[in-house]
Amino acid sequence: VQLQASGGGLVQAGGSLTLSCAASGSTFIGYRMGWFRQAPGNERGIVAALTDYRTFYSDSVKGRFVISRDNAKNTVYLQMNSLKPEDTAIYYCAAARGGFALRASQYHYWGQGTEVTVSS
């Protein structure tokens with residue numbers, strides 16, 4: 001599975017962005033999908049995760065971000081609303097076969113990252 005993330009950019013606080021993660025090489029039906037982010041000096045951490053039966057959001061984005069998938073397009077999205085300067089990071093999409101998981105080490109396929117910068 002190859003993952004291609006896109007949609008990052010510069011946005012003012014309070015604005016919105018939608019990140020996309022397109023998968024190729026295999027359908028991702030049956031895979032767990034996740035969005036992670038990494039800010040300078042910080043570890044890569046989970047933002048949102050999705051399986052066929054469950055979604056997860058970190059406390060810092062709950063109520064503002066929405067993860068979704070379009071199986072026909074083999075694409076996962078992260079709709080980010082009410083963005084804050086602390087959301088500034090490189091965002092990575094990730095995938096792995098199997099059930100729900102939140103740790104980066106539990107994901108086997110990674111996109112290249114897309115940078116999100118939120119100005120105050």
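Where is the place of asparagine 74? In this predicted model, asparagine 74 sits in the loop between strand E7 (65-70) and strand E8 (75-80). Its phi is positive, at about 50 degrees, although asparagine 74 is not a glycine. Asparagine 74 counts as buried, because its relative accessibility is 13% and the limit for a buried residue is under 20%. A positive phi in a residue other than glycine is also found at serine 82, with a value near 50 degrees. Serine 82 belongs to the loop between E8 and strand E9 (89-97). With a relative accessible area of 42%, serine 82 is partly exposed.

The protein chain as a whole contains eleven strands and zero helices. Read from the N terminus, its elements follow the order β-β-β-β-β-β-β-β-β-β-β. The radius of gyration of the protein chain is 13 Å, close to the 14 Å given by the globule rule for 120 residues, so the chain is as compact as a globular protein of that length. Along the principal axes, the C-alpha atoms fill a box of roughly 40 × 25 × 25 Å.

Of its 120 residues, 42% count as buried. Among contacts with a separation of 6 or more, 59% are made by residues 24 or more positions apart. The chain exposes about 5,900 Å², and carbon and sulfur atoms supply 48% of this area.

Side chains of opposite charge can pair when their charged atoms come close. The structure holds four salt bridges, and three of these are described below.

Aspartate 87 forms a salt bridge with arginine 37, with 2.9 Å between the closest N and O atoms. This pair links distant parts of the chain, since aspartate 87 lies in the loop between E8 and E9 and arginine 37 in strand E4 (residues 31-38), 50 residues apart. Aspartate 87 and arginine 37 are both buried.

Aspartate 87 also forms a salt bridge with arginine 64, where the closest N and O atoms are 2.8 Å apart. Arginine 64 is located in the loop between E6 and E7, and aspartate 87 in the loop between E8 and E9, so this pair ties together parts that are 23 residues apart in sequence. Both partners, aspartate 87 and arginine 64, are buried.

Aspartate 52 counts as exposed because its relative accessibility is 56%. Arginine 69, by contrast, is buried, with a relative accessible area of 18%.

Methods. Residues are numbered from 1 along each chain as its sequence is written. This is a predicted model: local features need pLDDT of at least 70, side-chain atom pairs count only at pLDDT 80 or more; totals for chains, interfaces and linings use all residues. Side-chain values use heavy atoms; hydrogens and water are left out. Helices (H or I, at least four residues) and strands (E, at least two) are DSSP runs, numbered from the N terminus. The radius of gyration is taken over C-alpha atoms; the globule rule is 2.2 Å times the number of residues to the power 0.38. Buried means under 20% relative accessible area, exposed over 50%, partly exposed in between (1.4 Å probe, protein chains only). Contact means heavy atoms within 4.5 Å. Accessible areas come from the Shrake-Rupley method with a 1.4 Å probe; for residues, only the protein chains shown count as cover. A salt bridge is a side-chain nitrogen of Lys or Arg within 4 Å of a carboxyl oxygen of Asp or Glu.
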